[in-house]
Amino acid sequence: MTTTLPPRRGWHRPVRRRDVVLVMVGAALIWSALVAGAAWQVRQHWQSVVALRDQTVTLRLPTGMPARAEVHTPLHLRLDTQSKVAVPIDQPVSVQLVNKLSAQAVINTTVPVDTSVSFDQDIPVSTEVEMKIPVVSWLPAMNVMVPVTFKVPVHLTVPIKVQLPLALDVKVTGRVSEPIKVPVRTTMHLSVPVHAKLQADVLNRADFNLVGLQAPFDLRIEQAEVRTPLSDIEWCYSITCVPNSTTWLAGKR
């Protein structure tokens, strides 16, 4: 009697050789794409740095090369002149008056007077009183002068309310203790002498092109750092070099 097992499914099913080959090819393609992308990023964004110290270089300038010459000339001058300057002034000025001020003052005014005067005093009175004294009935009366002396007490208050006109022409003298603010608005025309030494550097530039064959000359590089983008470097595989895009376009033109 033969027992039939059910077919395996999922992870328990058998792996075929074709599936293994497909997985390996796919992994190799993904790895190649990652390596190519990393190489492209390095080539586009990275740069090589070469440090040069005490290097001797022989340089030859090509014919027709554009060049520029700069000549620095020191210039010494002495400036002696009179410069006319207009200076506008608009500001208050404090003035302190030391001397006395004298002025003639004319006053025409009316002074109101409203007051009261009190009087409290004894007034002495001395007089003679004529009197007629009858002596006998059948005789006429006699005239007699009698001296009288006495004091009269006086207590009174007199109100005074009047408009008193006042007209004066007097000479006034005084001193100003505080400084006076005087506004000044004017334009001052000044002549300013200028005596100075001037020193300047005059720069002359000339652009030209080299004509004829130039002899090579030696240069010595004491210290330098050369930075070159990797995108400008040609890549060589055995005997075949792959130029960059700029060099290839320039050669094609």
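Modeller: Helices (H or I, at least four residues) and strands (E, at least two) are DSSP runs, numbered from the N terminus. The model is predicted, so local features need pLDDT of at least 70 and side-chain atom pairs count only at pLDDT 80 or more, while totals for chains, interfaces and linings use all residues. Residues are numbered from 1 along each chain as its sequence is written, and side-chain values use heavy atoms, with hydrogens and water left out.

Colleague: Which pattern does the protein follow along the sequence?

Modeller: The protein has two helices and eight strands. Read along the sequence, they follow the pattern α-β-β-β-β-β-β-β-β-α.

Colleague: What percentage of the residues in the protein is buried?

Modeller: Buried means under 20% relative accessible area, exposed over 50%, and partly exposed in between (1.4 Å probe, protein chains only). Of the 253 residues in the protein, the buried ones make up 2%.

Colleague: Which element gives the most to the nonpolar patch?

Modeller: The patch lies on the surface and is formed by V117, F119, I123, F150, V152, L156, V158, I160 and V162, with about 660 Å² of accessible area together. Two or more residues come from each of β3 (101-133) and β4 (142-174). I123, for example, sits in strand β3. The most, six residues, comes from β4.

Colleague: Is I123 buried or partly exposed?

Modeller: I123 is in strand β3. Its relative accessible area is 35%, so I123 counts as partly exposed.

Colleague: What is the phi of D54?

Modeller: D54 is found in strand β1, residues 47-59. Most residues other than glycine have a negative phi. D54 is not a glycine, yet its phi is positive, at about 50°.

Colleague: What is the relative accessibility of D54?

Modeller: D54 belongs to strand β1. It counts as partly exposed because its relative accessibility is 49%.

Colleague: How far apart in space are D80 and H195, C-alpha to C-alpha?

Modeller: D80 is in strand β2, residues 66-95. Leaving out residues up to four places away in sequence, D80 touches V194 and H195, where contact means heavy atoms within 4.5 Å. D80 and H195 are 115 residues apart in sequence, but their C-alpha atoms are apart in space by 4.7 Å.

Colleague: With which side chains does the side chain of D80 make a polar contact?

Modeller: A polar contact is a pair of N or O atoms within 3.5 Å; within protein, one must be able to donate a hydrogen and the other to accept it, and residues adjacent in sequence count only if both atoms are side-chain atoms. D80 is partly exposed, with a relative accessible area of 46%. At 3.4 Å, its side chain makes a polar contact with that of R78. At 2.9 Å, the side chain of D80 makes a polar contact with that of H195.

Note on methods
Patches are made of residues with over 30% relative accessible area and no salt bridge: like charges are joined within 9 Å, nonpolar side chains (Val, Leu, Ile, Met, Phe, Trp, Tyr) within 5 Å. Accessible areas come from the Shrake-Rupley method with a 1.4 Å probe; for residues, only the protein chains shown count as cover. A salt bridge is a side-chain nitrogen of Lys or Arg within 4 Å of a carboxyl oxygen of Asp or Glu.
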